[in-house]
Structures are given as C-alpha cells and as structure tokens.
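User: I would like to learn how to read a few features of a model. Please start with helix geometry.

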Amino acid sequence: MIPISWYLLLSGALFSLGVIGFLIKRNLITVFMSIELMLNAVNLSFVAFAHELNPVKGQIFVFFVMMVAAAEAAVGLAIIIAVFRARATLAVDQIDLMKL
Amino acid sequence: MLLIIFILFAGLCLAGAINLLLQTHPINSALSLIVVMVSLAVLYLTLGAEFLAAAQVIVYAGAIMVLFTFVVMLLNAGKEERTLGSFASWSVGFPAVAVILAVIASVLIKSQGLGTVHLSDKITSTQELSAMLFKELVLPFEVTSVLVLIAILGAVALARRGDGERKGGQ
C-alpha cells in the first residue's frame, strides 16, 4: 500500500531535476533531454491523479500528451540539426544571436 | 511487495535523472534518460495503466530516444564544456526550483484524502481506453493525427538542406 502523494512527490522531484538540467547543461541536445524529463514527470503526476479520480479519461489525456511530446521531439531535433548546420556548434553559450 | 517495487523503481528513476545531469557526454545522458523512462513505465503499471506503460516504452524509450541518439551520433556531439551557468540561473533559477519543490512537498504532506495504491487495484484495460477514445473523443484524436502529420512535414522541411545551400556547398 503506497500513498498517492509519494508518486506526486517523485513527480515533483523529477520535474525539479529537469529544470536544474535545463539550467546547468550547456549542450543543446542535453537541454532538450531535460525538457523531455520534465514532460515525463508531469505525465507521472497525471497518471497518479487519474488513478485517484477518473482512470479512463485521465489516461487518455496522458496519451495525448505523449503524442504531442513525440511531435515536439521530432520538430525540436530538426531545429537542432538546422542550428548545427548554420552555426557548426551545439554549445548554447555560443548560440546567442538573439541575446540582448 | 508493491512497496519494494515502488522504492526500487522510484530510486532508479531518480538515479537516472541525477546521472543525466552528471554525465558530460550526450550519449550517456540519453542512456540514463532511457532508464528513467522505463522505470516510469513500471510505475505506470503499479498505477493500473497498462496501456500507458506499453506506450511509454514504445513511444518514449523506443521512438523518441532512438531519435535522440540518432541526432547525437549524426551531429558527432562530443563532450560538453562545463561552464558555471549564467548569473540569472543562479540568482533566479535555482531558488525558484527549490521553492517549487518545497511548495509541492509541503502541500502533499499536509494534504488529506488522497488515496492509496494497492497491488489489487483495478487495471484500466486497453478496451476501455479505446472505447472512450474512438466513441467520445474521436474529434480530438483526428485533430492529433493532423498535428502529427504537420510535425512530420515541419521536421522534414526544417532538416533538409535549402536550395541555395546545395548550390553553394556542393
């Protein structure tokens, strides 16, 4: 027997780790992986709440989130390839054309 | 039994996420992200979401991570150079993360009436999910298929070489 709150706490911890990765990582691809980690953390809390409230509809929502995440990953990685082609680097410190 | 499974896979999950942050090579980060996703699939199973557990392994650990490792190898990404992060991330980012985690934890510790998970809980069958998806939610499903189609077209359009580049480059 496990309280639902443990799952939610794990989800929060994973989300925080994702945010920290987003902030400290200096490689474009690993930054993107941290975003995927955050999406997964949110999915976990969705499934936990679905178990609590309305299993079928909650899980279908997670299914849609997964679809959007797949589309996002495909487009994001294509953008990374385009950036690499234009700048020949993956270091986010050097991709600062739009920085003030 | 359930407690052991939860602690084992929650631990794996956190270890994988921390390893993702510590590794300097993108391939190692990608492999630890796969560990996170597979252990999340097991946690979905304990929550009675068998279809989502399968979809997690197939879509995330399979398709998306293959795409990631493919891009890492295609772009020949080497070790990243560690820098100390920007001033903004130290002054705003990390305190904000700490505050978010603290708020979530305090709310959860105080919360009453949240249920518990048992191993004997009802498993949501794929049949129930598909009945809901193809009867009540047909329109969102079809709209999502259009979204995925647009994403495919966008990815191809972004990743292919432009005409000018081809003439100049080769």
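Analyst: The bend at a residue is the angle between axes fitted to the seven residues ending there and the seven starting there. Helices (H or I, at least four residues) and strands (E, at least two) are DSSP runs, numbered from the N terminus. The model is predicted: local features need pLDDT of at least 70, side-chain atom pairs count only at pLDDT 80 or more, and totals for chains, interfaces and linings use all residues. Residues are numbered from 1 along each chain as its sequence is written, while chains are lettered from A and ligands numbered from 1 in the order in which they are written.

User: Where does α3(B) bend?

Analyst: The bend is at Met65(B), by about 30 degrees. For length, the expected span of a helix is 1.5 Å times one less than its number of residues. With 25 residues, α3(B) reaches 34 Å between its first and last C-alpha, close to the expected 36 Å. Just after this helix, Asn76(B) has a positive phi of about 55 degrees.

User: Which residues of α3(B) are buried?

Analyst: A residue is buried if 20 or more other C-beta atoms lie within 10 Å of its own, exposed if 12 or fewer, and partly exposed in between, with C-beta atoms placed from the backbone. In α3(B) the buried residues include Phe51(B), Leu52(B), Tyr60(B), Met65(B) and Phe68(B). Their cover includes α2 and α3 of chain A, as well as α2 and α5 (126–135) of chain B.

User: How many residues are in the largest nonpolar core?

Analyst: A nonpolar core is a set of buried Ala, Val, Leu, Ile, Met, Phe, Trp, Tyr and Cys residues joined through C-beta atoms within 7 Å. The largest one here has 61 residues, and Val47(A), Tyr44(B) and Leu52(B) are among those with the most contacts inside it. Elements giving two or more residues to this core include α2 (28–52) of chain A and α3 (50–74) of chain B.

User: What is Val47(A) in contact with, leaving aside its neighbours within four places in sequence?

Analyst: Two residues are in contact if their C-beta atoms, placed from the backbone, lie within 7 Å. Val47(A) touches Gln59(A) and Val62(A) in this sense, and also Tyr44(B), Leu47(B), Ala49(B) and Leu52(B).

User: What is the radius of gyration of chain B?

Analyst: The radius of gyration is taken over C-alpha atoms, and the globule rule is 2.2 Å times the number of residues to the power 0.38. Chain B has 21 Å, whereas a compact globule of 170 residues would have a value near 15 Å. Its C-alpha atoms fill a box of roughly 65 × 45 × 30 Å along the principal axes. Buried residues make up 24% of chain B.
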